[in-house]
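Open the model in your viewer and keep the selection tool ready.

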Amino acid sequence: METNTLLQIAKDYGSPIYVYDAEKIVSQYKRLDTAFNKVKQVRINYAVKALSNISVLKLMKTLGSGLDTVSIQEVQLGLKAGFLPEEIIYTPNGVSLDEIEKAAKLGVQINIDNLSILEQFGTKHPKTPVCIRINPHVMAGGNTNISVGHIDSKFGISIHQIPHILRIVENTNMNINGIHMHTGSDILDIDVFLYASEILFETAKNFKNLDFIDFGSGFKVPYKSGDIETDIEEFGKKLTKRFNGFCKEYGKDLTLAFEPGKFLVSEAGYFLTKVNVVKQTTSTVFAQVDSGFNHLIRPMLYGSQHEIINLSNIKGRERFYSVVGYICETDTFANNRRINEITEGDILAFKNAGAYCYSMASNYNSRYRPAEILWHNKEAKLIRKRETFDDILNNQIEISL
Ligand SMILES: *Cc1c(COP(=O)(O)O)cnc(C)c1O
(Lines give C-alpha, C1' and ligand atoms only; values in the text may rest on other atoms or scores of the structure.)
Protein backbone atom coordinates (compact mmCIF):
# COMPACT_ATOMS: atom_id res chain seq x y z
CA MET A 1 0.00 0.00 0.00
CA GLU A 2 1.09 3.60 -0.58
CA THR A 3 2.53 5.28 2.48
CA ASN A 4 0.38 8.35 1.82
CA THR A 5 -2.78 6.27 1.90
CA LEU A 6 -1.77 4.75 5.23
CA LEU A 7 -0.98 8.20 6.63
CA GLN A 8 -4.35 9.50 5.49
CA ILE A 9 -6.13 6.58 7.16
CA ALA A 10 -4.33 7.35 10.45
CA LYS A 11 -5.45 10.99 10.11
CA ASP A 12 -9.05 10.08 9.31
CA TYR A 13 -9.58 7.25 11.79
CA GLY A 14 -6.99 7.92 14.48
CA SER A 15 -4.40 5.59 15.97
CA PRO A 16 -3.60 2.91 16.85
CA ILE A 17 -5.27 1.20 13.93
CA TYR A 18 -4.92 -1.93 11.81
CA VAL A 19 -5.16 -1.65 8.02
CA TYR A 20 -5.49 -4.64 5.68
CA ASP A 21 -4.85 -4.46 1.95
CA ALA A 22 -7.51 -6.62 0.26
CA GLU A 23 -5.56 -6.67 -3.00
CA LYS A 24 -2.57 -8.34 -1.30
CA ILE A 25 -4.82 -10.99 0.26
CA VAL A 26 -6.32 -11.71 -3.16
CA SER A 27 -2.92 -11.94 -4.87
CA GLN A 28 -1.55 -14.33 -2.23
CA TYR A 29 -4.63 -16.54 -2.57
CA LYS A 30 -4.24 -16.62 -6.35
CA ARG A 31 -0.53 -17.38 -6.06
CA LEU A 32 -1.19 -20.47 -3.99
CA ASP A 33 -4.13 -21.51 -6.15
CA THR A 34 -2.04 -21.14 -9.32
CA ALA A 35 0.88 -23.12 -7.87
CA PHE A 36 -1.45 -26.12 -7.62
CA ASN A 37 -3.50 -25.64 -10.79
CA LYS A 38 -2.31 -29.01 -12.12
CA VAL A 39 -4.10 -30.82 -9.30
CA LYS A 40 -7.71 -31.65 -10.24
CA GLN A 41 -9.30 -30.72 -6.93
CA VAL A 42 -7.71 -28.21 -4.59
CA ARG A 43 -9.23 -26.74 -1.49
CA ILE A 44 -7.71 -23.74 0.28
CA ASN A 45 -9.17 -23.37 3.77
CA TYR A 46 -8.18 -20.05 5.28
CA ALA A 47 -7.09 -20.44 8.93
CA VAL A 48 -9.53 -18.13 10.70
CA LYS A 49 -7.43 -17.70 13.82
CA ALA A 50 -4.85 -15.61 11.94
CA LEU A 51 -7.29 -12.76 11.38
CA SER A 52 -10.91 -13.42 12.17
CA ASN A 53 -12.77 -10.23 11.29
CA ILE A 54 -16.03 -11.24 9.60
CA SER A 55 -15.43 -8.87 6.67
CA VAL A 56 -12.08 -10.55 6.01
CA LEU A 57 -13.86 -13.92 6.08
CA LYS A 58 -16.36 -12.58 3.55
CA LEU A 59 -13.49 -11.48 1.32
CA MET A 60 -12.11 -15.04 1.50
CA LYS A 61 -15.53 -16.34 0.51
CA THR A 62 -15.53 -14.22 -2.66
CA LEU A 63 -12.24 -15.92 -3.62
CA GLY A 64 -13.70 -19.40 -3.30
CA SER A 65 -11.80 -20.18 -0.13
CA GLY A 66 -13.03 -22.50 2.60
CA LEU A 67 -12.20 -22.09 6.29
CA ASP A 68 -10.06 -23.86 8.82
CA THR A 69 -11.41 -23.36 12.34
CA VAL A 70 -10.11 -24.34 15.76
CA SER A 71 -13.06 -23.46 18.01
CA ILE A 72 -16.83 -23.68 17.86
CA GLN A 73 -16.93 -19.87 17.89
CA GLU A 74 -14.79 -19.73 14.74
CA VAL A 75 -17.21 -22.21 13.15
CA GLN A 76 -20.10 -19.92 14.08
CA LEU A 77 -18.26 -16.89 12.69
CA GLY A 78 -17.68 -18.73 9.43
CA LEU A 79 -21.32 -19.71 9.09
CA LYS A 80 -22.33 -16.14 9.90
CA ALA A 81 -19.99 -14.91 7.16
CA GLY A 82 -21.92 -17.04 4.66
CA PHE A 83 -19.79 -20.17 4.37
CA LEU A 84 -21.59 -23.48 3.93
CA PRO A 85 -20.88 -26.07 6.63
CA GLU A 86 -19.15 -28.30 4.08
CA GLU A 87 -16.74 -25.45 3.31
CA ILE A 88 -15.50 -25.46 6.89
CA ILE A 89 -13.08 -27.86 8.54
CA TYR A 90 -12.94 -27.91 12.32
CA THR A 91 -9.52 -28.82 13.72
CA PRO A 92 -9.59 -28.37 17.48
CA ASN A 93 -7.02 -29.57 19.98
CA GLY A 94 -7.94 -30.71 23.44
CA VAL A 95 -11.59 -29.66 23.33
CA SER A 96 -14.45 -31.62 24.87
CA LEU A 97 -16.45 -34.29 23.05
CA ASP A 98 -19.43 -32.04 23.65
CA GLU A 99 -17.93 -29.19 21.58
CA ILE A 100 -17.01 -31.59 18.77
CA GLU A 101 -20.57 -32.94 18.72
CA LYS A 102 -21.91 -29.40 18.49
CA ALA A 103 -19.68 -28.73 15.48
CA ALA A 104 -20.75 -32.03 13.89
CA LYS A 105 -24.37 -31.03 14.34
CA LEU A 106 -23.65 -27.81 12.44
CA GLY A 107 -22.47 -30.02 9.59
CA VAL A 108 -18.82 -29.01 9.35
CA GLN A 109 -15.99 -31.42 8.57
CA ILE A 110 -14.68 -32.84 11.85
CA ASN A 111 -10.95 -33.35 12.27
CA ILE A 112 -9.94 -35.37 15.35
CA ASP A 113 -6.46 -35.38 16.82
CA ASN A 114 -6.52 -37.83 19.72
CA LEU A 115 -7.38 -41.49 20.22
CA SER A 116 -9.68 -40.95 23.19
CA ILE A 117 -12.08 -38.63 21.37
CA LEU A 118 -11.76 -40.64 18.15
CA GLU A 119 -13.06 -43.71 19.95
CA GLN A 120 -15.83 -41.88 21.81
CA PHE A 121 -16.98 -39.98 18.72
CA GLY A 122 -16.78 -43.03 16.47
CA THR A 123 -18.81 -45.11 18.90
CA LYS A 124 -21.59 -42.52 19.14
CA HIS A 125 -21.59 -41.21 15.55
CA PRO A 126 -20.20 -43.91 13.26
CA LYS A 127 -21.83 -42.37 10.17
CA THR A 128 -20.36 -38.86 10.51
CA PRO A 129 -17.30 -38.53 8.26
CA VAL A 130 -14.17 -37.77 10.24
CA CYS A 131 -10.72 -36.61 9.25
CA ILE A 132 -7.76 -37.72 11.36
CA ARG A 133 -4.94 -35.38 12.29
CA ILE A 134 -1.65 -37.25 12.16
CA ASN A 135 1.53 -36.17 13.84
CA PRO A 136 4.32 -37.14 11.42
CA HIS A 137 7.01 -36.19 13.98
CA VAL A 138 8.84 -33.87 11.69
CA MET A 139 10.62 -30.95 13.27
CA ALA A 140 9.43 -27.89 11.43
CA GLY A 141 8.51 -24.37 12.36
CA GLY A 142 10.20 -21.08 13.08
CA ASN A 143 10.40 -21.46 16.86
CA THR A 144 9.36 -23.98 19.47
CA ASN A 145 6.02 -22.30 20.25
CA ILE A 146 4.82 -22.67 16.68
CA SER A 147 6.40 -26.03 15.86
CA VAL A 148 3.59 -28.45 16.40
CA GLY A 149 4.56 -31.62 14.54
CA HIS A 150 7.59 -32.81 16.50
CA ILE A 151 7.76 -35.81 18.81
CA ASP A 152 6.91 -33.95 22.05
CA SER A 153 4.09 -31.95 20.51
CA LYS A 154 0.56 -32.18 21.90
CA PHE A 155 -0.92 -32.05 18.39
CA GLY A 156 -2.11 -34.92 16.25
CA ILE A 157 -2.09 -38.68 16.68
CA SER A 158 1.38 -40.15 16.44
CA ILE A 159 2.18 -42.14 13.31
CA HIS A 160 3.45 -44.78 15.71
CA GLN A 161 -0.15 -45.24 16.84
CA ILE A 162 -1.58 -46.07 13.41
CA PRO A 163 -2.38 -49.67 14.50
CA HIS A 164 -4.40 -48.25 17.38
CA ILE A 165 -6.28 -45.88 15.03
CA LEU A 166 -7.07 -48.76 12.70
CA ARG A 167 -8.41 -50.84 15.58
CA ILE A 168 -10.76 -48.03 16.63
CA VAL A 169 -11.95 -47.50 13.06
CA GLU A 170 -12.58 -51.20 12.65
CA ASN A 171 -14.39 -51.60 15.97
CA THR A 172 -16.63 -48.55 15.54
CA ASN A 173 -17.02 -48.90 11.79
CA MET A 174 -16.59 -45.16 11.54
CA ASN A 175 -16.11 -43.31 8.28
CA ILE A 176 -12.65 -41.76 7.80
CA ASN A 177 -12.79 -39.38 4.82
CA GLY A 178 -9.63 -37.34 5.31
CA ILE A 179 -6.06 -37.42 6.59
CA HIS A 180 -4.46 -34.27 7.91
CA MET A 181 -1.22 -32.85 9.23
CA HIS A 182 -0.15 -29.40 10.30
CA THR A 183 3.48 -29.37 11.27
CA GLY A 184 3.92 -25.76 12.31
CA SER A 185 4.38 -22.22 11.15
CA ASP A 186 7.38 -20.76 9.32
CA ILE A 187 8.67 -23.82 7.52
CA LEU A 188 11.96 -22.92 5.91
CA ASP A 189 12.71 -26.03 3.93
CA ILE A 190 10.38 -27.43 1.26
CA ASP A 191 12.09 -30.81 1.49
CA VAL A 192 11.13 -31.14 5.14
CA PHE A 193 7.52 -30.52 4.14
CA LEU A 194 7.74 -33.03 1.31
CA TYR A 195 9.26 -35.58 3.66
CA ALA A 196 6.31 -35.14 6.03
CA SER A 197 3.98 -35.48 3.03
CA GLU A 198 5.44 -38.91 2.26
CA ILE A 199 4.54 -40.01 5.76
CA LEU A 200 1.01 -38.74 5.16
CA PHE A 201 0.73 -40.71 1.88
CA GLU A 202 1.93 -43.85 3.65
CA THR A 203 -0.71 -43.30 6.31
CA ALA A 204 -3.44 -42.60 3.77
CA LYS A 205 -3.00 -46.05 2.21
CA ASN A 206 -4.56 -47.54 5.34
CA PHE A 207 -7.91 -45.86 4.66
CA LYS A 208 -10.08 -46.89 1.74
CA ASN A 209 -12.73 -44.15 1.66
CA LEU A 210 -10.73 -40.95 1.66
CA ASP A 211 -11.98 -37.82 -0.08
CA PHE A 212 -9.10 -35.53 0.78
CA ILE A 213 -5.61 -35.18 2.15
CA ASP A 214 -4.97 -31.98 4.10
CA PHE A 215 -1.37 -30.77 4.25
CA GLY A 216 -2.05 -28.04 6.80
CA SER A 217 0.05 -24.96 6.50
CA GLY A 218 3.27 -23.43 7.71
CA PHE A 219 4.28 -21.40 4.67
CA LYS A 220 6.82 -18.81 5.64
CA VAL A 221 6.42 -15.21 4.57
CA PRO A 222 9.23 -12.62 4.46
CA TYR A 223 9.35 -10.21 7.37
CA LYS A 224 12.16 -8.04 6.09
CA SER A 225 14.00 -7.63 2.81
CA GLY A 226 16.31 -10.55 2.16
CA ASP A 227 14.24 -12.84 4.39
CA ILE A 228 13.72 -16.44 3.33
CA GLU A 229 10.21 -17.31 2.24
CA THR A 230 8.65 -20.57 1.19
CA ASP A 231 9.05 -20.92 -2.59
CA ILE A 232 5.39 -21.64 -3.28
CA GLU A 233 5.87 -22.11 -7.00
CA GLU A 234 8.60 -24.73 -6.61
CA PHE A 235 6.71 -26.35 -3.77
CA GLY A 236 3.60 -26.46 -5.98
CA LYS A 237 5.47 -28.23 -8.76
CA LYS A 238 7.02 -30.82 -6.49
CA LEU A 239 3.99 -31.64 -4.38
CA THR A 240 1.65 -31.66 -7.40
CA LYS A 241 3.76 -34.33 -9.05
CA ARG A 242 3.80 -36.47 -5.92
CA PHE A 243 0.13 -35.90 -5.14
CA ASN A 244 -1.09 -36.79 -8.63
CA GLY A 245 1.10 -39.87 -8.53
CA PHE A 246 -0.38 -40.89 -5.23
CA CYS A 247 -3.95 -40.44 -6.49
CA LYS A 248 -3.18 -42.86 -9.34
CA GLU A 249 -1.85 -45.37 -6.87
CA TYR A 250 -4.84 -44.86 -4.61
CA GLY A 251 -7.25 -45.18 -7.53
CA LYS A 252 -9.20 -41.99 -6.94
CA ASP A 253 -8.83 -38.23 -7.50
CA LEU A 254 -8.54 -36.97 -3.97
CA THR A 255 -8.85 -33.34 -2.99
CA LEU A 256 -5.62 -31.67 -1.97
CA ALA A 257 -6.29 -29.30 0.92
CA PHE A 258 -4.28 -26.56 2.61
CA GLU A 259 -5.09 -24.28 5.49
CA PRO A 260 -2.89 -21.19 5.30
CA GLY A 261 -3.29 -18.30 7.68
CA LYS A 262 -0.11 -16.27 7.70
CA PHE A 263 0.56 -16.77 3.99
CA LEU A 264 -2.75 -15.19 3.02
CA VAL A 265 -2.95 -12.25 5.42
CA SER A 266 0.39 -11.45 7.09
CA GLU A 267 1.85 -9.13 4.47
CA ALA A 268 -1.51 -7.48 3.81
CA GLY A 269 -1.56 -5.96 7.30
CA TYR A 270 -0.15 -2.68 8.62
CA PHE A 271 -0.38 -1.56 12.22
CA LEU A 272 -0.29 2.23 12.56
CA THR A 273 0.74 3.89 15.80
CA LYS A 274 1.57 7.44 16.83
CA VAL A 275 4.79 8.37 18.63
CA ASN A 276 3.90 9.92 21.97
CA VAL A 277 7.39 10.47 23.34
CA VAL A 278 10.93 10.44 22.01
CA LYS A 279 13.11 9.69 25.01
CA GLN A 280 16.86 10.02 24.83
CA THR A 281 18.65 8.03 27.53
CA THR A 282 22.35 7.54 28.09
CA SER A 283 22.31 4.35 26.04
CA THR A 284 19.56 4.59 23.42
CA VAL A 285 16.77 6.65 21.94
CA PHE A 286 13.31 5.31 22.69
CA ALA A 287 10.36 6.02 20.48
CA GLN A 288 7.30 5.38 22.65
CA VAL A 289 4.11 4.75 20.71
CA ASP A 290 0.43 4.85 21.65
CA SER A 291 0.20 1.04 21.79
CA GLY A 292 1.91 -1.95 23.32
CA PHE A 293 1.93 -5.73 23.46
CA ASN A 294 -1.75 -5.51 24.31
CA HIS A 295 -2.27 -4.74 20.61
CA LEU A 296 0.63 -6.56 18.97
CA ILE A 297 2.20 -9.26 21.08
CA ARG A 298 4.26 -11.13 18.51
CA PRO A 299 7.61 -9.37 19.18
CA MET A 300 7.33 -10.10 22.92
CA LEU A 301 5.81 -13.58 22.56
CA TYR A 302 7.72 -14.99 19.61
CA GLY A 303 10.60 -12.57 19.22
CA SER A 304 9.26 -11.75 15.77
CA GLN A 305 10.67 -8.79 13.89
CA HIS A 306 8.15 -6.50 12.29
CA GLU A 307 9.69 -3.95 9.98
CA ILE A 308 8.83 -0.42 11.11
CA ILE A 309 8.57 2.59 8.83
CA ASN A 310 8.08 6.23 9.76
CA LEU A 311 5.19 7.26 7.52
CA SER A 312 5.58 10.91 8.53
CA ASN A 313 9.20 11.18 7.39
CA ILE A 314 9.69 8.63 4.67
CA LYS A 315 12.75 10.36 3.16
CA GLY A 316 14.37 11.53 6.40
CA ARG A 317 17.87 10.44 7.41
CA GLU A 318 18.02 7.20 9.34
CA ARG A 319 18.82 6.99 13.03
CA PHE A 320 18.72 4.17 15.57
CA TYR A 321 15.67 3.77 17.78
CA SER A 322 14.24 1.32 20.24
CA VAL A 323 10.53 1.30 19.60
CA VAL A 324 8.57 0.53 22.75
CA GLY A 325 4.99 0.63 23.95
CA TYR A 326 3.11 2.24 26.82
CA ILE A 327 2.37 -0.93 28.80
CA CYS A 328 3.61 -0.92 32.38
CA GLU A 329 6.14 -3.70 31.98
CA THR A 330 8.84 -4.40 29.44
CA ASP A 331 7.12 -3.88 26.15
CA THR A 332 9.59 -3.78 23.29
CA PHE A 333 8.60 -3.79 19.63
CA ALA A 334 12.12 -3.32 18.27
CA ASN A 335 15.65 -2.80 19.59
CA ASN A 336 18.07 -0.38 17.94
CA ARG A 337 16.38 -0.28 14.57
CA ARG A 338 17.32 2.05 11.76
CA ILE A 339 14.28 4.20 11.15
CA ASN A 340 13.89 7.55 9.39
CA GLU A 341 14.25 10.31 11.98
CA ILE A 342 11.33 10.35 14.38
CA THR A 343 9.63 13.41 15.85
CA GLU A 344 6.89 13.22 18.47
CA GLY A 345 3.52 12.93 16.72
CA ASP A 346 4.89 10.90 13.79
CA ILE A 347 2.96 7.87 12.57
CA LEU A 348 4.87 4.57 12.50
CA ALA A 349 3.70 1.60 10.46
CA PHE A 350 4.49 -1.96 11.56
CA LYS A 351 4.53 -4.32 8.60
CA ASN A 352 3.36 -7.95 8.45
CA ALA A 353 0.60 -7.03 10.85
CA GLY A 354 -2.15 -9.09 9.21
CA ALA A 355 -1.69 -12.46 10.92
CA TYR A 356 -1.85 -13.14 14.65
CA CYS A 357 -1.85 -9.46 15.53
CA TYR A 358 -5.37 -8.14 16.03
CA SER A 359 -6.59 -11.67 16.76
CA MET A 360 -4.21 -11.85 19.73
CA ALA A 361 -4.96 -8.34 21.04
CA SER A 362 -6.24 -7.82 24.57
CA ASN A 363 -7.47 -5.11 26.92
CA TYR A 364 -4.41 -5.33 29.18
CA ASN A 365 -3.88 -2.07 31.10
CA SER A 366 -7.60 -1.47 30.44
CA ARG A 367 -6.79 -0.07 27.02
CA TYR A 368 -9.17 -0.16 24.08
CA ARG A 369 -8.48 -2.57 21.29
CA PRO A 370 -7.77 -0.74 18.00
CA ALA A 371 -10.04 -0.17 15.02
CA GLU A 372 -9.61 -2.18 11.81
CA ILE A 373 -9.78 -0.97 8.22
CA LEU A 374 -10.05 -2.99 5.03
CA TRP A 375 -8.52 -1.15 2.06
CA HIS A 376 -10.70 -2.45 -0.73
CA ASN A 377 -11.15 -1.09 -4.27
CA LYS A 378 -9.15 2.01 -3.30
CA GLU A 379 -11.48 2.77 -0.44
CA ALA A 380 -10.91 2.61 3.31
CA LYS A 381 -13.71 0.60 4.86
CA LEU A 382 -14.06 0.52 8.63
CA ILE A 383 -14.55 -3.14 9.59
CA ARG A 384 -14.25 -2.77 13.35
CA LYS A 385 -14.80 0.24 15.56
CA ARG A 386 -12.27 1.24 18.15
CA GLU A 387 -13.46 0.11 21.56
CA THR A 388 -14.86 2.53 24.09
CA PHE A 389 -15.04 2.69 27.86
CA ASP A 390 -18.32 0.71 27.73
CA ASP A 391 -16.45 -2.20 26.18
CA ILE A 392 -14.03 -2.21 29.10
CA LEU A 393 -16.90 -2.44 31.57
CA ASN A 394 -18.96 -4.84 29.47
CA ASN A 395 -19.63 -8.09 31.41
CA GLN A 396 -18.09 -6.72 34.59
CA ILE A 397 -20.46 -6.87 37.54
CA GLU A 398 -20.20 -4.16 40.11
CA ILE A 399 -21.26 -5.58 43.44
CA SER A 400 -22.10 -3.49 46.47
CA LEU A 401 -19.42 -3.67 49.12
C1 LIG B 1 -2.75 -22.12 13.02
C2 LIG B 1 -3.11 -23.21 12.13
C3 LIG B 1 -2.97 -23.04 10.74
C4 LIG B 1 -2.41 -21.80 10.08
O5 LIG B 1 -1.02 -21.69 10.22
P6 LIG B 1 -0.23 -20.51 9.47
O7 LIG B 1 1.18 -20.68 9.88
O8 LIG B 1 -0.81 -19.21 9.93
O9 LIG B 1 -0.44 -20.66 8.03
C10 LIG B 1 -3.38 -24.08 9.94
N11 LIG B 1 -3.90 -25.22 10.47
C12 LIG B 1 -4.04 -25.41 11.79
C13 LIG B 1 -4.63 -26.66 12.29
C14 LIG B 1 -3.65 -24.41 12.66
O15 LIG B 1 -3.79 -24.60 13.98
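Select Asn-352. With 25 C-beta neighbours inside 10 Å, Asn-352 counts as buried, because the cut-off for buried is 20 or more. Keep in mind that this is a predicted model. Asn-352 sits in the loop that joins strand 16 (347-350) to strand 17 (371-376). Now check its backbone. Phi of Asn-352 is near 55°, which is positive, and the residue is not a glycine. Why look at that? Most residues other than glycine have a negative phi.

**Along the loop to Met-360**

Stay in the loop between strand 16 and strand 17 and select Met-360. Is Met-360 buried, exposed or partly exposed? Count 16 other C-beta atoms within 10 Å, so Met-360 is partly exposed. Next, draw a distance from Met-360 to Ile-314. The two are 46 residues apart along the chain, and their C-alpha atoms are separated by 29 Å.

Jump to Asn-173. Its phi is near 60°, again a positive value in a residue other than glycine. Asn-173 is in a loop too, the one between helix 7 (162-172) and strand 8 (176-180). How many C-beta neighbours does Asn-173 have inside 10 Å? There are 10, so Asn-173 counts as exposed. Asn-352, by contrast, counts as buried.

**A cis peptide bond**

The peptide bond from Ser-15 to Pro-16 is cis, and its omega is near -5°. Most peptide bonds are trans. Pro-16 is part of the loop between helix 1 (3-13) and strand 1 (17-21).

**Zoom out**

Show the whole chain as a cartoon. The protein has 12 helices and 18 strands. Its C-alpha atoms fill a box of roughly 70 × 60 × 40 Å along the principal axes. Colour by burial if your viewer can do that. Buried residues make up 42% of the 401 residues.

**Two domains**

Colour residues 23-261 as domain 1 and residues 266-387 as domain 2. The C-alpha centres of domain 1 and domain 2 lie 32 Å apart. Which residues form the contact? Domain 1 gives 15 residues to it, and domain 2 gives 18 residues. Look at the domain 1 side. Helix 2 (22-35) and helix 3 (54-63) are the elements that give two or more residues there. By class, that side has six nonpolar, six polar and three charged residues.

**Helix 6 and helix 7**

Select helix 6 (residues 115-124) together with helix 7. Their axes are 9 Å apart and the angle is about 10°. That makes helix 6 roughly parallel to helix 7, since angles under 35 degrees count as roughly parallel. Show side chains. From helix 6, Leu-115, Leu-118, Glu-119, Gly-122 and Thr-123 meet His-164, Ile-165, Ile-168, Val-169 and Thr-172 in helix 7. This contact has five nonpolar, four polar and one charged residues.

**Helix 8 and helix 9**

Now take helix 8 (residues 190-204) and helix 9 (residues 232-250). They pack at an angle of about 10°, and their axes are 11 Å apart. That makes helix 8 roughly parallel to helix 9.

**Last stop: Cys-131**

Finish in strand 6 (residues 130-135) and select Cys-131. With 24 C-beta neighbours inside 10 Å, Cys-131 counts as buried. What does Cys-131 touch, leaving out residues up to four places away in sequence? Its contacts include Ile-89, Gln-109, Asn-177, His-180 and Asp-214.

Terms used. Residues are numbered from 1 along each chain as its sequence is written. This is a predicted model: local features need pLDDT of at least 70, side-chain atom pairs count only at pLDDT 80 or more; totals for chains, interfaces and linings use all residues. Axes are lines fitted to C-alpha atoms, for helices over the stretch in contact, and angles run from 0 to 180 degrees between N-to-C directions. Helices (H or I, at least four residues) and strands (E, at least two) are DSSP runs, numbered from the N terminus. Angles under 35 degrees count as roughly parallel, over 145 as roughly antiparallel, 65 to 115 as roughly perpendicular and the rest as oblique. Domain bounds come from an automatic or database domain assignment. Two residues are in contact if their C-beta atoms, placed from the backbone, lie within 7 Å. Ala, Val, Leu, Ile, Met, Phe, Trp, Tyr, Cys and Pro count as nonpolar, Asp, Glu, Lys and Arg as charged, and the others, Gly among them, as polar. A residue is buried if 20 or more other C-beta atoms lie within 10 Å of its own, exposed if 12 or fewer, and partly exposed in between; C-beta atoms are placed from the backbone.
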